[in-house]
Amino acid sequence: MSKHYVVDIETLDIRPTAAIIGIAIVSERYEFDIKCHPHHYTLDMLLCNPHITVGKSTLEFWKAQAVESPEAYKKYWLEVSPEDYKPEEMITKAWDAFHELVNSVEPDSHFWSRGKDFDFPILANSFAAQGLPIPWGYRNIHCLRDMEMLHPEYKLSNTGYVKHDALQDAYYEKYLLDSFMNAGLIPY
């Protein structure tokens with residue numbers, strides 16, 4: 001029997017080279033949540049590393065979250081201290097978590113996100129920028145957004161979850177995945 005994990009990230013851009021500020025992975029009995037302060041991405045780091053980008057529109061989006069999703073804004077912009085993980089440490093810890101899940105805990109692990117064309121390319125780029133191989137098999141990543149489009153009758157409300165908080169989004173997406181699994185739409 002396969003094990004299913006939901007992945008969500010928060011970033012400072014929408015391109016595959018986006019700077020990541022939060023990563024969460026959840027399953028029925030597993031939780032990984034790590035973040036770094038956006039200000040750890042210094043101008044010098046960005047100028048010297050073309051694998052990391054920050055987008056003006058994404059920064060504007062985050063400024064708007066101070067009103068629209070104050071809990072998420074507070075978590076990433078106010079509560080993270082300079083002693084928290086720096087970007088490279090955060091990415092390495094996330095890679096270690098994926099690697100452990102894929103190679104020692106659940107060899108037939110499947111990873112889901114909402115949508116897989118955002119979270120997984122950004123994570124893959126971040127791993128590659130640090131010389132780390134992609135820890136998941138390309139056949140084992142899946143898209144909840146596609147499932148919602150194909151089966152709109154199973155779409156659920158995300159009321160009660162903090163939007164744009166990686167861990168809260170991952171828990172909502174796990175709730176959504178469970179609805180598809182309980183309906184028998186996911187055969188493994």
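Gly131, which follows α5, has a positive phi, near 75°. Helices here are DSSP runs of H or I with at least four residues, and strands are runs of E with at least two, numbered from the N terminus. This is a predicted model, in which local features need pLDDT of at least 70 and side-chain atom pairs count only at pLDDT 80 or more, while totals for chains, interfaces and linings use all residues. Residues are numbered from 1 along each chain as its sequence is written, and side-chain values use heavy atoms, with hydrogens and water left out.

Let me stay with α5. The helix has 14 residues and spans 19 Å from its first C-alpha to its last, close to the 20 Å expected at 1.5 Å a residue; that expectation is 1.5 Å times one less than the number of residues. Its buried residues are Asp119, Phe120, Ile122, Leu123, Ala124, Asn125, Ser126 and Phe127. Buried means under 20% relative accessible area, exposed means over 50%, and partly exposed lies in between, with a 1.4 Å probe and protein chains only.

At the other end of this helix, Gly115 sits in the loop between β4 (109-113) and α5 (116-129). A cis peptide bond joins Arg114 to Gly115, with omega about 20°.

Which residues have the most contacts inside the largest nonpolar core? They are Ile20, Ile23, Tyr41, Phe111, Leu123 and Trp136, in a core of 51 residues. Helix α4 (residues 87-105) gives the most to this core, with 8 residues. Such a core is a set of buried Ala, Val, Leu, Ile, Met, Phe, Trp, Tyr and Cys residues joined through side-chain atoms within 4.5 Å. Residues up to four places away in sequence aside, Ile23 touches Leu123, and also, among others, Phe32, Met90 and Ala166; contact means heavy atoms within 4.5 Å.

I close with two histidines. His37 lies in the loop between β3 (30-35) and α1 (43-48) and counts as buried, at 11% relative accessibility. Polar atoms of its side chain lie 2.9 Å from the backbone nitrogen of His39 and 3.4 Å from the backbone oxygen of Trp77. His164, in the loop between α6 (144-150) and α7 (166-182), is partly exposed, with a relative accessible area of 25%. Although not a glycine, His164 has a positive phi of about 70°.

How values were computed. Polar contact = N/O pair within 3.5 Å; in protein donor to acceptor, adjacent residues only side chain to side chain.
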